[in-house]
Amino acid sequence: MFLLAKLLGGDLADLAKENAASIAQGFDELWNETITGGVYSAICTVGALFAIATLTFFVVEWTKKMMAGEEQRAYTDFIWPLIVVYLLSNSGDALGKSTLGIRNYINNVNNIVLSKAAAGIDLKQAYESALGTEAARSAIGIAVNKCRNSSLSQQE
């Protein structure tokens, strides 16, 4: 009952913001342990090896075709493999930092949206307005049903 009263008091958006912040704080330690842990480092090392091997095969094939005059690919084809190698190098340090940065950015945007929503919403007033409209509809419906069920003529 207390929760319903609090929600009707316009605190729903504020509670959502507080819950989002609590959840983000709860996952902070998990994110940090995951990204700085040994398993993440090993996965990034293996990924970097695969990326370097793929890039090497790509460069060899591209060079053979360029020498034969058959290849027309732009040099921009090298960008994505180089970005992947960079992100996975140094045990995925750059990837981990960028992942945490993106996560923090999303959390900040979430907090801003919830703050703006809380400032512009009065849920109690909206709820009372909806109840008033529903009560009026109910009263009109009851009156119409009484008229239909009575023995009076349509004009009466």
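Leaving aside residues up to four places away in sequence, Arg103 touches Ala24, Phe27, Asp28 and Trp31, where contact means heavy atoms within 4.5 Å. Arg103 lies in helix α3, and because its relative accessibility is 12%, Arg103 counts as buried, a term for residues under 20% relative accessible area with a 1.4 Å probe and protein chains only.

The model is predicted, so that local features need pLDDT of at least 70 and side-chain atom pairs count only at pLDDT 80 or more, while totals for chains, interfaces and linings use all residues. Residues are numbered from 1 along each chain as its sequence is written, and side-chain values use heavy atoms, with hydrogens and water left out.

The chain as a whole has 4 helices and 0 strands, helices being DSSP runs of H or I with at least four residues and strands runs of E with at least two, numbered from the N terminus. Of its 156 residues, 15% are buried, and among contacts between residues at least 6 apart in sequence, 69% join residues at least 24 apart.

Arg103 also belongs to the lining of the largest pocket, where Ala20, Ile23, Ala24, Arg103 and Asn107 lie nearest the centre among 13 lining residues. A pocket is an open set of points on a 1 Å grid over the protein atoms alone, where a 1.4 Å probe fits, with protein on both sides within 12 Å along at least five of seven lines, and lining residues have an atom within 4 Å of a point. Helices α1 (2-36) and α3 (79-120) each supply at least two residues of this lining, and the largest share, 7 residues, comes from α1.

Definitions and conventions. Buried means under 20% relative accessible area, exposed over 50%, partly exposed in between (1.4 Å probe, protein chains only).
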